Amino acid sequence: MTKRDRYIVSLREMKIRLEKGGDLFADLGNVAAVLRKQQGFYWVGFYLLKDERLVLGPFQGTPACVFLTCGEGVCGSCVERRAPIIVDDVRDFPGHVACDPRSRSEIVIPCFDDTGDLRAILDIDSDQPHHFDEIDLEFLQRIEEQIRPLWGKIT
Ligand code: SME
């Protein structure tokens, strides 16, 4: 299967799981789990925007930093830019926060709610440099659109 095919399978599985879901943290956990299972990502998770800092939310992978500062690192820069960032080699990104020294490249996607407010950053790491490309960007943005209705669903 190509990367594109694996994303199509992921989108299909997520749609079914989200239809049966309805709890923010459980559903975000399943989104991270589906992505890790289908794409084999080294680390995938959500950093939630709370009180003007980022707090670790549902994730799959090695233990990670709990708090990140807005404006710093890849995730914090994504909060400021409100746009996705692909980092081909984390060593070249000034201020990169190395929660796990094995992470070598990274993609971050801002997650908005239905009213356009920024709620979280979807952060995905690879242990290989230059892992992420336009296909990841396209499909991860489609996934971000699919999860927009979730943000109000805290049980
Ligand atoms: N590298 C990120 C920190 C989060 S970890 O990758 C899980 C950053 O620079 O913001």
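Trainee: In which helix is glutamine 39 found?

Mentor: This is a predicted model. Within the model, the helix that holds glutamine 39 is α2.

Trainee: Is glutamine 39 buried or exposed?

Mentor: Glutamine 39 has a relative accessible area of 9%. Buried means under 20% relative accessible area. Glutamine 39 is therefore buried.

Trainee: With which side chain does the side chain of glutamine 39 make a polar contact?

Mentor: Glutamine 39 touches Lys3, Arg6, Tyr7 and Ser10, leaving aside residues up to four places away in sequence. The polar contact, at 3.5 Å, joins its side chain to that of arginine 6.

Trainee: How are helices α1 and α4 oriented to each other?

Mentor: The axes of α1 (residues 3-20) and α4 (residues 134-146) come within 10 Å and cross at roughly 5 degrees. Angles under 35 degrees count as roughly parallel. The two helices, α1 and α4, are therefore roughly parallel.

Trainee: How many nonpolar residues does the contact of α1 with α4 have?

Mentor: From α1, the contact includes Tyr7, Ile8 and Leu11, and from α4 it includes Phe139, Leu140 and Ile143. Six charged residues and one polar residue also belong to the contact of α1 with α4. The nonpolar residues number nine.

Trainee: How far apart are the end C-alpha atoms of α4, and what span should its 13 residues have?

Mentor: At 1.5 Å a residue, the 13 residues of α4 should span 18 Å. This agrees with the distance between its end C-alpha atoms, which is 19 Å.

Trainee: Which residues of α4 are buried?

Mentor: Elements covering the buried residues of α4 include α1, α2, β4, β5 and β6. The buried residues are Asp136, Leu137, Phe139, Leu140, Ile143 and Glu144.

Key:
Residues are numbered from 1 along each chain as its sequence is written. This is a predicted model: local features need pLDDT of at least 70, side-chain atom pairs count only at pLDDT 80 or more; totals for chains, interfaces and linings use all residues. Side-chain values use heavy atoms; hydrogens and water are left out. Axes are lines fitted to C-alpha atoms, for helices over the stretch in contact, and angles run from 0 to 180 degrees between N-to-C directions. Helices (H or I, at least four residues) and strands (E, at least two) are DSSP runs, numbered from the N terminus. Angles under 35 degrees count as roughly parallel, over 145 as roughly antiparallel, 65 to 115 as roughly perpendicular and the rest as oblique. Contact means heavy atoms within 4.5 Å. Ala, Val, Leu, Ile, Met, Phe, Trp, Tyr, Cys and Pro count as nonpolar, Asp, Glu, Lys and Arg as charged, and the others, Gly among them, as polar. The expected span of a helix is 1.5 Å times one less than its number of residues. Buried means under 20% relative accessible area, exposed over 50%, partly exposed in between (1.4 Å probe, protein chains only). A polar contact is a pair of N or O atoms within 3.5 Å; within protein, one must be able to donate a hydrogen and the other to accept it, and residues adjacent in sequence count only if both atoms are side-chain atoms.
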